[in-house]
Amino acid sequence: FYTIEDVEKEKVKMEQGKTKSAETLLSIYKDLKQPYDVRLEALRSLDNSDLPFVLKDIQQSVSSGELIEFDMVNQSINMLLEYNDKTSTESLIACLKVTESKIMDLRENLVNAISVNGSEDEVITLVELYEVSKSNHHRMNQLLTERLGQIGNDKVIPVLMEITSDETLSINIRSQAVEILARKNSTELVDYFIKVLDDPNANNSLNRFAHMMFEEFDDPRMMMSILESYQVGKTEYYRLLNTLIDAMGSYESSEVKE
């Protein structure tokens, strides 16, 4: 293992023209077994080096993504699963948020670096990057939607409805909840809304949600689902009412008629 002092010594030798020291600093920088602060210092020591192989090695490390220790994170996640402790879910959620934020910071740095460094056709490069970002965004949305779809409608739809109706939350979060609801199969939503319409205790929740949707949001899929469930529910109500009225002719008891 190397120390910061070792790195400083190699840096001095490299500045004196010893190419071997530059190779040593590169090997320290790429060696995941070395202490992180030592590797970072080794990389900083190579700053402004005009040796061709230094540039080539750093380019290779960046392009391969080998410096990001995904294996360690994935192994940690798998170990948490093996413990089968539900309290670990909070750590997993926090990890998801933090990694998303850090990856975005990394991407921002990469895009800025491309802009500063330039390319033969920067516009084409950025368009290609846009397509990659769009594809990854779609993949993440698909993962989240599939997971939400695995949760029973009776559980996930009411929670999403509560989120969209909660004015204390940001409009961005609420609109995302509406979008996720709208992604669910229309038949699923209609069936759920009909079920809610039959429950007096849950009916108020649906009424609040419907009013909120028509006042604050304009998602045609959600609108159609609400209108369709209302129409089906109304039809069922009148069908039942007509059945009861027709049945009145079969009873003479005043109590039954009341």
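Reader: How many residues does the largest nonpolar core have?

Author: This is a predicted model, so all values here are computed from predicted atoms. In soluble globular proteins, nonpolar side chains tend to be buried together. Ile157, Met161, Leu181, Phe193, Phe209, Met213 and Met222 have the most contacts inside the largest nonpolar core. The number of residues in that core is 21.

Reader: Which helix supplies the largest share of this core?

Author: At least two residues of the core come from each of helix 8 (153-165), helix 9 (171-183), helix 10 (186-197), helix 11 (200-216) and helix 12 (220-247). The largest share is 5 residues, and its source is helix 11.

Reader: Which residues does Met161 touch, leaving out those up to four places away in sequence?

Author: Met161 is among the residues with the most contacts inside the largest core. With residues up to four places away in sequence not counted, the residues touched by Met161 are Leu181, Tyr192, Phe193, Ser205, Leu206 and Phe209.

Reader: How many residues are in the other core, which lies apart from it?

Author: Among the members of this other core are Leu25, Leu26, Ile28 and Leu46. Its residue count is 11.

Reader: Is Lys20 buried or exposed?

Author: Lys20 forms a salt bridge with Glu23, and their closest N and O atoms are 3.9 Å apart. Both residues lie in helix 2 (residues 19-30), 3 residues apart, about one turn of the helix. Glu23 is partly exposed, at 36% relative accessible area. Exposed means over 50%, and because Lys20 has 61% relative accessibility, it counts as exposed.

Reader: How many residues apart in sequence are the parts that Asp57 and Lys30 tie together?

Author: The side chains of Asp57 and Lys30 meet in a salt bridge of 2.8 Å, N to O. Asp57 lies in helix 4 (residues 52-64) and Lys30 in helix 2, so the pair ties together parts whose separation in sequence is 27 residues.

Reader: What is the distance between the closest N and O atoms of Glu236 and Arg239?

Author: Glu236 and Arg239 both lie in helix 12, 3 residues apart, which is about one turn of the helix. Glu236 is partly exposed, with a relative accessible area of 38%. The two residues form a salt bridge, and the distance between their closest N and O atoms is 3.1 Å.

Reader: Which kind of aromatic pair do Tyr237 and Tyr238 form?

Author: The structure's count is 1 aromatic pair. The ring centres of Tyr237 and Tyr238 are 5.2 Å apart, with 70 degrees between the planes. Planes over 60 degrees apart count as edge-to-face, so the pair is edge-to-face.

Technical notes
Residues numbered from 1 in each chain as written. Predicted model: local features only at pLDDT ≥ 70, side-chain atom pairs only at ≥ 80, totals over all residues. Heavy atoms only, no water. Phe/Tyr/Trp six-rings, centres within 6.5 Å; stacked < 30°, edge-to-face > 60°. Core = buried A, V, L, I, M, F, W, Y, C linked by side-chain atoms within 4.5 Å. Buried < 20%, exposed > 50% of the residue type's maximum accessible area, 1.4 Å probe, protein only. Helix = DSSP H or I, 4+ residues; strand = E, 2+ residues; numbered from the N terminus. Contact = heavy atoms within 4.5 Å. Salt bridge = Lys/Arg side-chain N within 4 Å of Asp/Glu carboxyl O.
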